[in-house]
Amino acid sequence: MPIRSMFVAAAFALASLEAAHADGLRPIDGMSIDLGEVSGVTYYTVGRDGFHVVTTLAQGMAGTPIRIVSVLAPGQRVAFSTPYQADALEISRNGDSVLVRKVKSVSN
């Protein structure tokens, strides 16, 4: 195998490993999310106006749950973060795929 082909194969392998850090979400399938003291579940449905991402979060077992609904068009994303954790949770739409991944939190 020529060296150039090996480099191309290695690049694809690294890209695949990077994509593995983001979890794909399927319509209606719920996914648990954890932001330290705040946790919950997220799922999405497909609508005519975009993908309706529904996220319900609460602080601990006694916290009042809140529900956030975001409508994502291709290329859009929504992020959730807390002031106590360095990472944020990003839910993004890429075409017909929805990815959930941890990202560095953006400070104001």
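**Exercise 1. The whole chain**

How much accessible surface does the protein chain have, and what share of it belongs to carbon and sulfur atoms?

*Solution.* This is a predicted model: local features need pLDDT of at least 70, side-chain atom pairs count only at pLDDT 80 or more, and totals for chains, interfaces and linings use all residues. Residues are numbered from 1 along each chain as its sequence is written, and side-chain values use heavy atoms, without hydrogens and water.

Start with the area. The accessible surface comes to about 7500 Å², by the Shrake-Rupley method with a 1.4 Å probe. Carbon and sulfur atoms hold 57% of that surface. Next, burial. Of the 108 residues, 27% count as buried (under 20% relative accessible area). Last, the elements. The protein chain has one helix and eight strands, in the order α-β-β-β-β-β-β-β-β from the N terminus. Helices (H or I, at least four residues) and strands (E, at least two) are DSSP runs, numbered from the N terminus.

**Exercise 2. Around Phe51**

Describe the aromatic pair, then find the charge over the ring of Phe51.

*Solution.* The structure holds one aromatic pair. Tyr44 and Phe51 form it, at 5.0 Å centre to centre with 20 degrees between the planes. Rings pair if their centres lie within 6.5 Å, and planes under 30 degrees apart count as stacked. This pair is therefore stacked. Tyr44 and Phe51 are both buried.

Then look for the charge. The charged end of Arg93 sits over the ring of Phe51, 3.7 Å from its centre. The cut-offs are NZ of Lys or CZ of Arg within 6 Å of the ring centre and within 35 degrees of the ring normal.

**Exercise 3. Glu90**

Decide whether Glu90 is buried or exposed, and list its contacts.

*Solution.* Glu90 is found in strand E7 (residues 87–94). Its relative accessible area is 7%, so Glu90 is buried. Not counting residues up to four places away in sequence, Glu90 touches Arg77, Val78, Ala79, Leu99, Val100, Arg101 and Val103. Contact means heavy atoms within 4.5 Å.

Technical notes:
Phe/Tyr/Trp six-rings, centres within 6.5 Å; stacked < 30°, edge-to-face > 60°. Buried < 20%, exposed > 50% of the residue type's maximum accessible area, 1.4 Å probe, protein only.
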